[in-house]
Amino acid sequence: MGYEQENVKPYDSNQDKTEQVTRMFDKIAHSYDQLNHTLSLGIDRYWRKHAIIQLKAFRPKHILDIATGTGDFALLAYKLLHPEHITGCDISEGMMEVGRQKIAKAGLSQQITFQNEDCCKGMSFSTDSIDAITIAFGARNFAHLDDGLKEMYRVLKPGAPLILLELSVPVHFPMKQLFWIYAHVVMPAIGRLISHDDSAYTYLPSSMEAFPQAEVMEGILQKAGFSQVSYERMTFGICTLFKAIK
């Protein structure tokens with residue numbers, strides 16, 4: 001089964017979504033962190049911290065951070081949870097190179113490492129080998145959402161958690177209307193100004209709106225095999241936190 005988000009692509013070309021997303025993130029890697037904090041008014045830091053806190057009770061030793069980007073989520077997870085190791089995975093070498101520099105500056109290059117992995121096509125990790133998986137603002141970029149979730153389920157240990165954080169669309173007045181204006185007018189303008197990429201921040205609201213919301217995504221996680229699936233809307237529904245157990 002396909003989902004609407006799988007057909008939303010950054011560029012108008014014949015390349016598949018994975019190739020286009022990789023090209024887009026390689027292009028905007030230098031400005032990605034600044035854009036994230038600017039466009040969310042800094043609230044993304046709270047979202048990340050709240051998501052990571054969900055893992056404290058599990059005390060994971062090896063965390064896999066999918067769509068790690070520049071490693072912000074992995075770095076915060078290490079500081080809050082102190083696992084033995086975090087592996088950040090992404091399809092964009094440009095983003096990971098920024099992340100490697102950031103991690104090296106923090107003196108954590110042994111504790112946090114990066115690998116080029118596409119969970120939609122299968123990862124190099126063994127079955128039942130990972131203590132926890134996190135993915136922040138990356139699932140909407142998947143070319144094959146079901147395949148990606150099933151691969152995460154495969155590599156997790158039984159009883160281990162998946163924490164998935166994703167931007168979402170508010171459902172109530174007036175935030176729904178206000179957010180539409182922000183997403184379709186303000187966000188692309190700021191994105192173009194900082195990243196110099198005309199497509200990246202028109203793609204963002206489009207992919208966000210197309211991504212399965214709340215109860216729908218809950219059902220998709222269950223279909224992938226996860227149990228104890230729950231979700232929490234944050235900041236008037238602008239962001240949704242999904243938690244699931246293998």
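This is a predicted model: local features need pLDDT of at least 70, side-chain atom pairs count only at pLDDT 80 or more; totals for chains, interfaces and linings use all residues.
Visitor: In what order do the seven strands of the open sheet run?
Guide: Strands (E, at least two residues) and helices (H or I, at least four residues) are DSSP runs numbered from the N terminus. Two strands pair if DSSP finds at least two bridges between them. The edge strands, each pairing on one side only, are strand 3 (112-116) and strand 6. The pairing in the sheet is mixed, and the seven strands follow the order 3-2-1-4-5-7-6.

Visitor: Which residue in the turn between strand 6 and strand 7 has a positive phi?
Guide: Strand 6 and strand 7 pair in the antiparallel sense over six bridges. Within this pairing, Glu 232 stands opposite Leu 241, and Ser 230 has Lys 243 as its bridge partner. The two strands form a hairpin with four residues between them, and the turn residue with a positive phi, about 50°, is Thr 235.

Visitor: What angle does the direction of helix 9 make with that of strand 6?
Guide: Axes here are lines fitted to C-alpha atoms, for helices over the stretch in contact, and angles run from 0 to 180 degrees between N-to-C directions. Helix 9 packs on the sheet and touches strand 5, strand 6 and strand 7. Its direction and that of strand 6 make an angle of about 155°.

Visitor: Within what arc do the buried residues of helix 9 fall?
Guide: Buried means under 20% relative accessible area, exposed over 50%, and partly exposed in between (1.4 Å probe, protein chains only). In helix 9, the residues Ala 214, Met 217, Glu 218, Ile 220 and Leu 221 are buried. The arc is that of the directions from the helix axis to the C-beta atoms. Seen down the axis of helix 9, the buried residues line one face of the helix, because they fall within an arc of 160°.

Visitor: Which helices are included in what covers the buried residues of helix 3?
Guide: Asp 44, Trp 47, Arg 48, His 50, Ala 51 and Ile 52 are buried in helix 3. The cover over these buried residues includes strand 5, strand 6 and strand 7, together with helix 2 (32-39) and helix 4 (72-81).

Visitor: Is Leu 164 buried or exposed?
Guide: Leu 164 has its place in strand 5. Contact means heavy atoms within 4.5 Å; leaving aside neighbours within four places in sequence, Leu 164 is in contact with residues including Ile 135, Met 217 and Leu 241. With a relative accessibility of 0%, Leu 164 counts as buried.

Visitor: What is the relative accessible area of Thr 134?
Guide: Thr 134 is found in strand 4 (residues 132-136). Not counting residues up to four places away in sequence, Thr 134 touches several residues, among them Leu 55, Phe 73 and Ile 163. Thr 134 is buried, and its relative accessible area is 1%.

Visitor: Why is the pair of Phe 25 and Tyr 32 edge-to-face?
Guide: Rings of Phe, Tyr and Trp (its six-membered ring) pair if their centres lie within 6.5 Å; planes under 30 degrees apart count as stacked, over 60 as edge-to-face and the rest as tilted. By this rule the count comes to five aromatic pairs. The ring centres of Phe 25 and Tyr 32 are 5.8 Å apart, and the pair is edge-to-face because the planes stand at 75°.

Visitor: How many residues apart in sequence are the parts that Tyr 153 and Phe 226 tie together?
Guide: Tyr 153 and Phe 226 form an edge-to-face aromatic pair, with 5.2 Å centre to centre and 90° between the planes. Tyr 153 is partly exposed, with a relative accessible area of 26%, whereas Phe 226 counts as buried at 3% relative accessibility. Tyr 153 lies in helix 6 (residues 145-155) and Phe 226 in the loop between helix 9 (214-223) and strand 6 (227-234), so the parts tied together are apart in sequence by 73 residues.

How values were computed:
Residues are numbered from 1 along each chain as its sequence is written. Side-chain values use heavy atoms; hydrogens and water are left out.
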